[in-house]
Amino acid sequence: AVGEMAAAGGWRGRVWAIVATAVVVAVVINLNAVHHVRQSDRPVKRWRDVVREHGVRRAQERWAQAEAAGTGPAAGHAGGAVAVDPGASGHAAIIPSPTSGAAHPTGDPRPAAAPERINLRLNARARTVLEGSRGETMLFVTFGGGSMADFMRNCMHHVRNVGVRAYVLAALDMKAFEFCEAHAFPSALLPGADGGSAAAEGAGKVQELKSAWQYYRMNDKSFLEMGILKNDLLVAFLRAGYDVLLSDLDVVWLQHPGPFLTPRTAPDRAALMAVADVVTASDAVDVATDTAEGGWLTRQEINTGVLLFRATKGAISVVSDWRRRMQDAIDRKAWTNRNDQLFFNDAVKAPGLQEATPAAAREALVRGGHPRPDAVLAAARETRAVRGLFVSSRPLPYRSDGAAPGPAEDVHFTLSTFSITEFSNGHTHFIQRLHEASRLAPFSVHTTHQFADTHDYPLGKRQRLREAKLWAVDEDAYYAEGSFLAL
């Protein structure tokens, strides 16, 4: 039939003959494949399974070689920040994660996190929350301006709903601070340059973001200036001894991640992540990048929507370098198509990142108080399912008082990454639904990878959350008034 079609139709017939032949071949191949799958008793091995097995073998070889050699640029650089002592032939002194009573390598005890050491203007509710959470070193911090009032309400609803006790909404302007006061949200403002006391509610001037744009994200200059304020608020908490889990207002918390991120209670797969100075989220959408062979997302774009900073020298050095880069761009008026996330990626990746050796990883686990460090390393060798710990190749400067004058201490920082399944972005959660495929309940979702926002309001983000039943602040009238389709 194909031959007759070709002979009868001239060149058009020949084209149709080729198309028909291709269709027939495809159907035959497909039918054979279906028959094979149905008749075979052996499971069909998928391509990604083959890749994973190959990656596990390669990883086991690398870890075995590293353990035998006991050397490498990351050897000894585990745990909190790594302060290189020039007089110690390159051996590193480890700064532990903030635990009440923990000691520095010198033996000096580290004071517990305390609200009275926070150099910020706190409202009464913030002081009450922080006083009531003494002994907890992890502080949930989000931030926003007065134009994002309903996002502040939605964020606080979910933070409280998962049982978080230690949390503060950092206000970027006085309008947001007053909104928090009216709704009994714990809030903080930066004191002004006149040195206004952080302890007194009304003392001194405050620093706030001034912009003609309602939604700062849509203006490059305003968004970068917001990054400076966010950075300064973050440092104030870190220097007061708090680990800070920093998240954007458009992040919804679905579970309390505290036990998952605490060394003593973290599951094996998150054990190394729980002792890193800095833990980052990602915009990545390819699950292959969220593996040992993929570098655990360190080669992908970091998203600053969810970040964990330990109150360590390593974390503070990263935050300080991040601020320096943003301020330099503002001073040069070089903010077009640049934002705080871009400069954070630069700050973290410019020094270079190398995976910690097994010896360094074990030391980090021991110092962090993990009860079974050897079991974690065994799981890492056998399955490579333990999220990696990375160390900066080059140090960053750290100053104890934050001021530019005076000598700086060179420190190496450690870094790990959140899973794109459990700390999901907009694509991996709403579109790919990786949490359903993996059967891992997500801790958070960040409404990225969507459209329809304007310079006045993030309409698309709100709609995403509404569709997922994660928008908790609509009034009853939204569902009862106006014209709509009810199913």
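User: Where is the place of Trp296?
Analyst: In this predicted model, Trp296 sits in the loop between β10 and β11.

User: Why does Trp296 count as buried?
Analyst: The relative accessibility of Trp296 is 5%. The cut-off for buried is under 20%, so Trp296 at 5% counts as buried. Trp296 also has a positive phi of about 50 degrees, although it is not a glycine.

User: What residues does Asp290 touch, not counting residues up to four places away in sequence?
Analyst: Asp290 touches Trp296, Leu297, Arg387, Ser419 and Ile420. Asp290 lies in the loop between β10 (278–282) and β11 (302–309). The C-alpha atoms of Asp290 and Ser419 are 6.8 Å apart in space, while the two residues are 129 apart in sequence.

User: How do you know whether Asp290 is buried or exposed?
Analyst: Asp290 has 11% relative accessibility. Buried means under 20% and exposed means over 50%, so Asp290 at 11% is buried.

User: What makes β10 mostly covered?
Analyst: In β10, 5 of its 5 residues are buried. Val278, Thr280 and Ser282 are buried on one side, and Val279 and Ala281 are buried on the other. In a regular strand, side chains alternate between the two faces of the sheet.

User: How do you know that β10 and β11 pair, and in which sense do they run?
Analyst: A pair of strands needs at least two bridges. β10 and β11 are joined by 5 bridges, so they count as paired, and they run antiparallel. Within this pairing, Ser282 stands opposite Ile302 in β11.

User: How many bridges join β10 to strand β16?
Analyst: There are 3 bridges between β10 and strand β16 (residues 414–417), and these strands run parallel. With at least two bridges required, 3 bridges make this a pair. Val279 stands opposite Ser416 in β16.

User: Why do β9 and β17 stand at the edges?
Analyst: The open sheet of 3 strands has the order β9-β18-β17, with mixed pairing. β9 (251–253) and β17 (423–424) each have a single partner strand, so one side of each is left without a neighbour in the sheet.

User: What makes β17 and strand β18 a pair?
Analyst: β17 and strand β18 (residues 444–446) share 2 bridges in the parallel sense. The requirement is at least two bridges, so the strands pair. Ser424 stands opposite Val445 in β18.

User: What residues of α10 and α11 meet?
Analyst: Pro358, Ala361, Arg362, Leu365 and Val366 in α10 meet Pro373, Asp374, Val376 and Leu377 in α11. The residues of this contact divide into 7 nonpolar, no polar and 2 charged. Asp and Arg count as charged, so Arg362 and Asp374 are the 2 charged residues.

User: How do the axes of helix α10 and helix α11 cross?
Analyst: The axes of helix α10 (residues 358–368) and helix α11 (residues 373–383) come within 9 Å and cross at roughly 145 degrees. The crossing of α10 past α11 is right-handed.

User: Why does Arg384 count as buried?
Analyst: Arg384 has 4% relative accessibility, and buried means under 20%, so Arg384 counts as buried. Arg384 lies in the loop between α11 and β13 (390–392). Phi of Arg384 is near 60 degrees, a positive value in a residue other than glycine.

User: What makes helix α9 mostly covered?
Analyst: In helix α9 (residues 340–349), 7 of its 10 residues are buried. The buried residues are Asp340, Gln341, Phe343, Phe344, Asn345, Ala347 and Val348.

User: How many disulfides does a search of the whole structure find?
Analyst: The search finds 0 disulfides. Cys155 has a relative accessible area of 3% and Cys180 has 0%. Both values are under 20%, so Cys155 and Cys180 are buried.

Definitions and conventions: Residues are numbered from 1 along each chain as its sequence is written. This is a predicted model: local features need pLDDT of at least 70, side-chain atom pairs count only at pLDDT 80 or more; totals for chains, interfaces and linings use all residues. Side-chain values use heavy atoms; hydrogens and water are left out. A disulfide is a pair of cysteine sulfur atoms within 2.5 Å. Buried means under 20% relative accessible area, exposed over 50%, partly exposed in between (1.4 Å probe, protein chains only). Helices (H or I, at least four residues) and strands (E, at least two) are DSSP runs, numbered from the N terminus. Axes are lines fitted to C-alpha atoms, for helices over the stretch in contact, and angles run from 0 to 180 degrees between N-to-C directions. A crossing is left-handed if the near helix is turned anticlockwise from the far one by less than a right angle, and right-handed if clockwise. Contact means heavy atoms within 4.5 Å.
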